[in-house]
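Q: I'm new to this one. Can you walk me through it?
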Amino acid sequence: MLKDRLDIEKDSFLEKIKEKNFPFHVGEDYFLSLEDRIRERLEVKEPERKVIIFRSLKAYMGLAASFLLIFGIGFGVLKLTTNIEGEKNLADNIELLENHHDEYIDSIDNFFAVNDIMVSEEELSFVEKEIVIENENDEDFDEYIRQVPTLFTHLIAEELSN
Amino acid sequence: MIDDSQILRLFKEGEQTQAFNLLVRQYSKRLYWHLREMVGSHEDADDLLQNTFIKTWKSLSNFRSESGLYTWLYRIATNEALTFLKRERINNKFSFSSYETKLVNKITTGGDYSGDTIQLALQKEIMKLPDKQRAIFSMRYFQEMEYKDIAEITESNPDAVKASYSVAYKKIEAALKKEF
């Protein structure tokens, strides 16, 4: 079995893999020509981007002004034509939107934040309390991770079953 | 190997092109492999590496020496990769294949990968990690950077970095043991 060949009883699986040759390659002249390619990008792109940004801004400002005009006309008409009850409903709706605005933004942020996760509170408190105090040196900490098989196994098992 | 303080001194003395060339020569390989581990393909890593150095060039005059030049460069590179990956994730929302599958496929499609079965399995497990956790794992496992430097790069603290790394390490190890 591969397990026996790698002799993982003595050494960590991942440490043995690290001893193998690095599997990725890149052409020999890639790094030699990098400076020239970066210089070309610095010389070429800068003036064009300023013009494009200005033109885009003009278009967006025009669009924003149009929307404001339409909204202003619509709001004015609504204000003139709705009765007292209608005005109260409109105010409630605006208040509802304002109250839930942050929740909506939070839900978007949370969607992206899933992949910004570094560690959960449970994992962090475990490390702080149990490990860091005794293993302040980086190499000692890595050795601890390699030697302790049960670290976070319940979390890992949950992860693998998903 | 040139000291970072020499590069900064050259830049401040007006030898900006020379300073920048030295910076690229000194850090391009390390940054490239860090980016490659994060995004999988040579083309994406190359693009991000160039973006990193372009941003560095534009910001070097504002660089504050409170953080080292090395951790500052890595922070720019890591943030470039995380932003890129976030954009890829959004663009992949309506695709039939998962985001992780696409990342894994990028490892071998370029023709510049020569690892064996177990090395490929390791790379696949790394690609399944959350993006920020992958960055941390790459910096510690492959580049053997100190936890305090990784914490500075990811704008976090060493304890959180250690916890994240240990979870990633054990997760990958368990998956590989299960497969082999």
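Q: How many helices and strands are there in chain B?
A: Chain B has nine helices and zero strands. Both are DSSP runs numbered from the N terminus: helices are H or I, at least four residues, and strands are E, at least two. This is a predicted model, where local features need pLDDT of at least 70, side-chain atom pairs count only at pLDDT 80 or more, and totals for chains, interfaces and linings use all residues. Residues are numbered from 1 along each chain as its sequence is written, while chains are lettered from A and ligands numbered from 1 in the order in which they are written.

Q: What does the radius of gyration say about chain B?
A: Its radius of gyration is 17 Å, close to the 16 Å that the globule rule gives for 180 residues, so chain B is as compact as a globular protein of that length. The radius is taken over C-alpha atoms, and the rule is 2.2 Å times the number of residues to the power 0.38.

Q: And what does the C-alpha trace span?
A: About 55 × 35 × 30 Å along the principal axes of chain B.

Q: How much of chain B is buried?
A: 42% of its 180 residues. Buried means 20 or more other C-beta atoms within 10 Å of the residue's own, with C-beta atoms placed from the backbone.

Q: What about chain A, how much is buried there?
A: 7% of its 162 residues. Chain A has seven helices and zero strands.

Q: Back to chain B. How do α1(B) and α2(B) cross?
A: Helix α1 (residues 4-12) and helix α2 (residues 16-39) of chain B have axes that come within 7 Å and cross at roughly 155°. That makes α1(B) roughly antiparallel to α2(B), a label for angles over 145 degrees. Axes are lines fitted to C-alpha atoms, for helices over the stretch in contact, and angles run from 0 to 180 degrees between N-to-C directions.

Q: Which residues of α1(B) make the contact?
A: Ile7(B), Leu10(B) and Phe11(B). Their partners in α2(B) include Ala19(B) and Leu22(B). Contact means C-beta atoms, placed from the backbone, within 7 Å.

Q: Next pair: at what angle do α2(B) and α3(B) cross?
A: Roughly 140°, with axes that come within 9 Å; α3(B) covers residues 42-59.

How values were computed:
Angles under 35 degrees count as roughly parallel, over 145 as roughly antiparallel, 65 to 115 as roughly perpendicular and the rest as oblique. Two residues are in contact if their C-beta atoms, placed from the backbone, lie within 7 Å. A residue is buried if 20 or more other C-beta atoms lie within 10 Å of its own, exposed if 12 or fewer, and partly exposed in between; C-beta atoms are placed from the backbone.
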